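Me: I am new to this structure. Please show me how to read its features, one at a time.

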Amino acid sequence: MRTRALLAHLAIGLILLASLSIADADQTGKTISIAVGKEPDDLNPIANTGHGDFYDIIKIYSGLLKSDENLQLAPDLAESWTVSPDGRTYTFKLKKDVKWHDGSDFSAQDVKYTYELLKDGKWISIFPVSSEFKIIDDISVADQDTVRFTINEGPVSFQERFSLPILPKHILEGQDLAKTDFWQKPIGTGPYKFEDWKHGEELTLIANQDYYGEAPKIGVLKYIFVPDESARISLLRSGEVDAIKIDPRSMKTLEGQTGIKIYSTPSANWYGINLPGKMWPFESKEVRQAIARAINKQQILDTIFNGQGEIAYGPFREADWVYNPEIAFPYDPEKARQLLADAGFEDSNGDGVLEKDGKNFEFELIYPSSNAERKDIAIAVKTDLASVGIKVEPVAKSWDEISQDLYRSNPIVVAFGSPFDPDDNNYQLWSSKFIGDGWWNPASYSNAEVDNLLEEGRRVSDKETRKEIYGKLQRIISDDQPIAFIVFCNYVYAVNDRVTGIKPRNGPHGQGTNGGIDGELWWNVEEWQKE
Amino acid sequence: MDRSLASYALRRVLQIPPLLLGISLLAFFIFYLSPVNPTIAYLGLITVQKMTPEDLAKVEEQLGLDKPVQVRYLVWLERIVQGDWGYSHIKKRPVLDVILERFPATLLLTVTGYSMSALLGVLLGLLSAIKAGSRIDVALNGLNYVIYSTPTFLVALLAMLVFAVWLGWLPSSRMVSVNTPTSDWPLLLDRIHHLILPASVLAISHMAVFYTYIRSSLLEAMQEDYILTARAKGLQESRVILRHAFRNSLLPLITQIGLSLPLLIGGSVVVESIFAWPGIGKLTYDAALRADYMLLMGLVLFTSLLVILGNLLADIAYVLADPRVKYG
């Protein structure tokens with residue numbers, strides 16, 4: 001009996017297959033649906049990466065400042081802000097009549113509460129970036145609309161931390177933040193309000209009609225969680241979702257399809273080969289320069305990233321305001337051989353591998369096994385370096401096996417990069433202060449001039465001077481190649497072509513634990529429209 | 001007989017707690033041996049790379065990951081005995097809430113898939129046995145081996161490629177459309193529409209067991225004396241097979257259903273992950289990747305309990321169905 005009923009259901013289902021896909025089209029109306037590969041663990045906006053630059057906070061929240069389409073700071077909850085000449089006091093004038101989604105008034109007390117939560121460091125497992133806020137000496141509320149921060153001392157880039165999402169004091173005060181259900185159904189001040197979260201399926205937000213800025217044009221915003229890429233592509237094709245991120249190599253299957261537009265947006269994410277300066281023979285500058293010239297970067301870009309990105313010579317991309325165009329050098333295996341010969345390498349036994357002092361130039365190149373593109377890079381580098389007489393053996397290791405020690409004492413395929421302030425993490429990557437400090441300065445790079453430039457760059461606030469400083473820095477790093485830079489990748493998206501208002505901008509390295517509901521191409525989704 | 005069955009059932013029920021204790025002990029220490037670093041899994045690599053060792057130690061302490069494994073196990077055991085399933089530090093929610101919320105989706109998928117699988121397997125097995133040695137039998141047998149040796153994930157990806165991506169007949173993922181119909185009938189149809197592909201994949205990849213069982217036990221039954229008797233009585237061959245042989249060959253199937261429950265739960269992990277089905281299979285996969293030990297332990301306990309109870313019911317059903325079997 002049960003089987004008969006089941007069969008009947010199946011039959012009805014089959015009959016209705018065709019009609020369903022037609023019916024979907026006009027129901028979309030004023031909903032934007034974005035399919036992402038990962039589901040967030042919770043909706044805590046401060047749990048994400050240690051960037052400190054909450055430039056793409058979940059749309060439910062907002063911060064004192066926000067990043068605009070050029071990644072420059074703009075006021076958000078603040079009406080205006082001033083910085084004292086010594087750079088130690090920040091005063092924020094807050095917007096008036098801002099309401100929390102539950103109708104309560106937003107005030108300077110909420111700002112103080114949020115920053116103190118982090119400064120205090122008590123909730124580090126909930127707010128892992130807490131330590132970055134230790135340099136705040138004092139947070140004072142001058143009146144309901146004015147907050148003043150005094151910082152102990154810090155880099156110019158600290159002001160990017162003021163995009164920290166503000167949390168509601170009236171709800172969270174006194175709660176166990178590790179167990180509160182606030183992170184399941186949060187209250188914020190942002191353009192969208194939390195509506196519903198079907199775990200494992202989708203998160204639904206609705207437009208906040210009382211938003212202090214321009215209210216979102218699209219009424220409903222849905223994030224759909226679909227781990228498999230071909231399933232996401234299929235949802236986009238059927239018109240069920242409006243935007244997805246894709247592997248650059250999947251572009252071919254979507255290009256030219258009616259109703260779908262491809263966006264290839266730049267990212268600051270660079271890939272390179274870490275060449276630890278403490279390891280033979282990478283202490284030789286000629287050797288590092290040779291490796292950087294022997295790698296066919298264009299080919300890697302074309303085959304592994306489907307041409308979506310640009311060749312890297314240093315840590316900044318062409319689009320970056322500090323980029324120095326003088327640092328480029330061509331792919332040149334002949335020059336590489338010459339440099340290696342200058343460094344004293346020759347293939348005396350004719351086995352195709354260079355030697356020096358009786359030692360073969362051969363090494364293991366580690367790559368993290370979970371990153372397909374880094375594996376492909378490792379294999380390409382093996383081939384390229386073989387042609388100049390260097391023997392490379394790619395070795396896969398999981399991130400759980402790659403200890404800090406292993407990371408900084410082996411040639412390894414690395415990736416990093418920040419689209420934010422030029423100080424952001426370049427300080428920790430290249431300053432000799434950070435040799436042996438955790439994951440920082442993996443090349444154990446030590447150059448007194450670079451150290452000085454890095455210190456200067458984070459103290460000076462004048463933009464032109466900084467541009468000059470970081471320009472010099474790039475020239476030295478590009479010459480030294482402590483890491484052999486290879487490419488910057490682009491992030492590629494496929495979007496329903498009826499969606500307008502999209503503003504692509506430079507993206508960061510990696511994806512946080514929020515799985516992308518807080519950024520990517522949809523960083524300004526509140527401004528999107530759908531024809 | 002009822003009396004002995006009752007005492008048998010009671011004995012089996014009493015065996016459950018020590019069994020669960022053993023499973024939980026084993027599971028806890030296997031998770032402990034997993035190479036996944038729970039702090040990296042919790043915070044994400046990029047965050048971890050930017051934190052100082054002192055801060056990381058503090059996070060570990062706050063999450064309770066700094067304690068020795070045996071202490072953590074005993075704490076877990078003490079709580080579970082009191083009915084507290086613990087707290088998922090990744091999801092920041094009580095473990096039992098998370099599991100119960102996801103279970104109905106898995107139940108729907110596995111019950112449908114399993115019924116289809118049993119039905120298909122039995123029908124094809126019957127056909128094969130009747131036509132034993134014929135081309136159909138050889139073909140079905142061959143097909144069966146191919147399907148049995150194809151991993152479920154491959155079947156799932158191929159099915160998605162053909163029916164969702166190329167032909168566009170069926171949805172590629174999810175339980176309902178993104179723009180979910182609001183009225184009852186369209187909603188039901190929408191759900192069935194989404195159920196077909198994952199349930200069929202589950203059905204096809206588990207069909208082999210049923211097929212093989214029915215085929216061999218039917219062939220065996222055909223050799224029995226009572227079949228000879230039935231034929232001698234002049235019964236039609238179809239009646240001989242369906243009434244006499246087939247009914248008897250169904251008995252071992254009851255045990256088989258109980259035994260393949262774990263397989264089915266394992267299969268749903270793969271199918272749910274590929275089709276974005278929001279059940280406990282996908283949940284288990286995520287929990288393992290993220291080293292969410294409390295949730296994993298909850299899932300192990302929950303599914304073990306299901307499997308043990310399933311087996312118990314199958315055994316009791318067997319006794320009820322076959323008057324020759326006695327437990328005492």
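**A buried strand**

Reply: Strand S18 (residues 412-416) of chain A has five of its five residues buried, so it is largely enclosed by the rest of the structure. Buried means that 20 or more other C-beta atoms lie within 10 Å of a residue's own; 12 or fewer make it exposed, anything in between partly exposed, and the C-beta atoms are placed from the backbone. Helices (H or I, at least four residues) and strands (E, at least two) are DSSP runs, numbered from the N terminus. This is a predicted model: local features need pLDDT of at least 70, side-chain atom pairs count only at pLDDT 80 or more, and totals for chains, interfaces and linings use all residues. Residues are numbered from 1 along each chain as its sequence is written, while chains are lettered from A and ligands numbered from 1 in the order in which they are written.

Me: Which residues point one way from S18(A), and which the other way?

Reply: In a regular strand the side chains alternate between the two faces of the sheet. Here A:Ile412, A:Val414 and A:Phe416 point one way. A:Val413 and A:Ala415 point the other way. All are buried.

Me: Which strand is joined to S18(A) by bridges?

Reply: Two strands pair if DSSP finds at least two bridges between them. Strand S12 (residues 260-274) of chain A is joined to S18(A) by five bridges, and the two run antiparallel. A:Ile273 has A:Val413 as its bridge partner in S18(A).

Me: What joins S6(A) to S7(A)?

Reply: A hairpin does, through two residues. Strand S6 (residues 136-143) of chain A runs antiparallel to S7(A), with six bridges. A:Asp138 stands opposite A:Thr150 in S7(A). Strand S7 (residues 146-151) of chain A also pairs with strand S5 (residues 89-94) of chain A, in the antiparallel sense, over five bridges. There, A:Thr91 stands opposite A:Arg148.

Me: Which residues touch the most other members of the largest nonpolar core?

Reply: In soluble globular proteins, nonpolar side chains tend to be buried together. A nonpolar core is a set of buried Ala, Val, Leu, Ile, Met, Phe, Trp, Tyr and Cys residues joined through C-beta atoms within 7 Å. The largest has 143 residues, and A:Ile34, A:Val241 and B:Ala156 touch the most other members. H9(B) gives the most to this core, with 17 residues. Apart from it lies another core, of 60 residues, including A:Leu275 and A:Phe416.

Me: How many residues of chain B are in contact with chain A?

Reply: Two residues are in contact if their C-beta atoms, placed from the backbone, lie within 7 Å. By that rule, 52 residues of chain B meet 50 residues of chain A. H4(B) gives the largest share of chain B's side, six residues. That side has 28 nonpolar, 13 polar and 11 charged residues. Asp, Glu, Lys and Arg count as charged; Ala, Val, Leu, Ile, Met, Phe, Trp, Tyr, Cys and Pro as nonpolar; the others, Gly among them, as polar.

Me: At what angle do H4(A) and H8(B) pack?

Reply: Helix H4 (residues 229-237) of chain A packs with H8(B) at about 10°, their axes 10 Å apart. H4(A) is therefore roughly parallel to H8(B). Angles under 35 degrees count as roughly parallel, over 145 as roughly antiparallel, 65 to 115 as roughly perpendicular and the rest as oblique. Axes are lines fitted to C-alpha atoms, for helices over the stretch in contact, and angles run from 0 to 180 degrees between N-to-C directions. A:Ser230, A:Ala231 and A:Ser234 of H4(A) make the contact with B:Met160, B:Leu161, B:Ala164 and B:Val165 of H8(B).
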